[in-house]
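Welcome! Please have a look at the sequence and the model, then read on.

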Amino acid sequence: MRFDRIWHNARLATLSPREPGLGVVEDGLVAASGGRIAYAGPAAEAPAGWDAQARMNCDGRWITPGLIDCHTHLVHSGNRAREFELRLKGATYDEISRAGGGIVATVAATRAASEEELIGTALPRLDALIAEGATTVEIKSGYGLSLEHERKILKAARALAGHRKIDIVTTFLGAHALPPDAAGDKDAYIERVCREMIPALAREKLVDAVDAFCEGIAFSPEQIARVFEAATVHGLRVKLHADQLSNSHGAELAARFGALSADHLEWTDEEGIAVMAKAKTVAVLLPGAFYFLRETKHPPVDLLRKHGVPIAIATDCNPGTAPLTSLLLTMNMGATLFRLTVEECIAGVTREAARALGKLNEIGTLETGKRCNLAIWNVKSPAELVYRMGFNPLHGRVYNGA
């Protein structure tokens, strides 16, 4: 059998759900053909008589699936460093938002930027993720809050894949905040999201899923249900910013619509977690936002484990509450702040992140038939990927087998 490339003399963390733990293979080999994994497993069990156009000796290094950031707001303009200063002086996220800061401040800056400018400012953030082994990044809109500007953000996000070798998954987050021009009428704005924005963006194939922010400072469960109903009509899966600042029963709402994920979840109760488990909705935890906002209410990790809810983690890269562009640091935060295990952290930015995007059939594990997206690490054990801070041990990144 002839492969395009093989990586041998490697230790694999396959993350295969059929194997215990990280799916470790001590003397492993990964073979690629046509951009997909043709074999991943023990070298001793590789197909007989194999050959390859190119062979890479990994000298005992570890190979994991390429990392996946399943929750970002990467495309935006401006920053909110001034709000950071205000929070240091005691202002809360809610107070800043109600005073005209927060999301709407970024909306003004993003509306004023061109698509080309948005691409230019997003690329350094994307490059930081790529430099740590990311091969797939989800990008939400939500800083335009009108069809014109939401379309611009989503087009900029799609265009990033033409500038870098990376998969971009786009999510429409029109129900993120009430724009200043909505005259305080949330219901009328939600009607525009449902009747104008979702149909147009779905028709233009700019969006892979629909998200919303369920919170007192954003939108009610009833309003978001209307958004999710519109998304379903247009064949789009949904996800939800849920229970971050209060228990608004967002987890239950997400589960009711079969959401891919419910994200944040600091205030979610056991009832919400139980229905998430039945709906197979992934919990996406965002330790960067928890850290940056100096929150004290931890997400109910033990209850997620008890009910078997898959746990992903992500950067939540955004200008106001998580200006974070490091999945490695995100893993460390997940372990130190939320007491996730090494296995949960690594699975959280590979297998479970893929699950949260509805992409587990394509990426997230080292298994035959999946896309050959790899991260090769200069570490002696996978725990080092979670343990170290401010250090990048990436040796090589493989995207589609190259």
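## A partly exposed arginine and its partner

Arginine 192 has a relative accessibility of 28%, so it counts as partly exposed (buried means under 20% relative accessible area, exposed over 50%, and partly exposed in between, using a 1.4 Å probe and protein chains only). Arginine 192 forms a salt bridge with aspartate 181, and their closest N and O atoms are 4.0 Å apart (a salt bridge is a side-chain nitrogen of Lys or Arg within 4 Å of a carboxyl oxygen of Asp or Glu). Aspartate 181 sits in the loop between strand 8 (167–175) and helix 6, while arginine 192 belongs to helix 6, so this pair, 11 residues apart, links distant parts of the chain. Aspartate 181 is also partly exposed, at 45% relative accessibility.

A word on how to read all this: the model is predicted, local features need pLDDT of at least 70, side-chain atom pairs count only at pLDDT 80 or more, and totals for chains, interfaces and linings use all residues. Residues are numbered from 1 along each chain as its sequence is written, and side-chain values use heavy atoms, with hydrogens and water left out.

## The chain as a whole

The protein chain has 15 helices and 15 strands (DSSP runs numbered from the N terminus, with helices being H or I of at least four residues and strands E of at least two). Its radius of gyration is 21 Å, close to the 21 Å that the globule rule gives for 402 residues, so the chain is as compact as a globular protein of that length (the radius is taken over C-alpha atoms, and the rule is 2.2 Å times the number of residues to the power 0.38). Along its principal axes, the C-alpha trace spans about 70 × 40 × 40 Å.

How many of the 402 residues count as buried? The share is 58%. Among contacts between residues at least 6 apart in sequence, 72% join residues at least 24 apart (contact means heavy atoms within 4.5 Å).

Lysine 239 lies in strand 10 (residues 237–242) and glutamate 138 in strand 7, so the pair ties together parts that are 101 residues apart in sequence. Both lysine 239 and glutamate 138 are buried.

Lysine 370 and glutamate 367 form another salt bridge, with their closest N and O atoms 3.3 Å apart. Are these two residues buried or exposed? Lysine 370 and glutamate 367 are both buried.

Two packed helices are described by the angle between their axes and the distance between the axes. Helix 5 (residues 147–163) and helix 6 (residues 186–203) have axes that come within 10 Å and cross at roughly 30° (axes are lines fitted to C-alpha atoms, for helices over the stretch in contact, and angles run from 0 to 180 degrees between N-to-C directions). Leu147, Glu150, Arg151 and Leu154 of helix 5 make the contact with Glu196, Met197, Ala200 and Leu201 of helix 6.

By class, this contact has 5 nonpolar, no polar and 3 charged residues (Ala, Val, Leu, Ile, Met, Phe, Trp, Tyr, Cys and Pro count as nonpolar, Asp, Glu, Lys and Arg as charged, and the others, Gly among them, as polar).

## Loops worth a visit

Most residues other than glycine have a negative phi. Leucine 145, which is not a glycine, has a positive phi of about 60°. Leucine 145 is found in the loop between strand 7 (134–140) and helix 5, and is buried, with a relative accessible area of 0%. Lysine 205 also has a positive phi, near 55°. Lysine 205 is in the loop between helix 6 and strand 9 (209–214), and is exposed, with a relative accessible area of 66%.

Threonine 350, in the loop between helix 13 (342–348) and helix 14 (351–356), is buried at 0% relative accessibility. Leaving aside neighbours within four places in sequence, threonine 350 has contacts including Leu15, Pro65 and Gly364.
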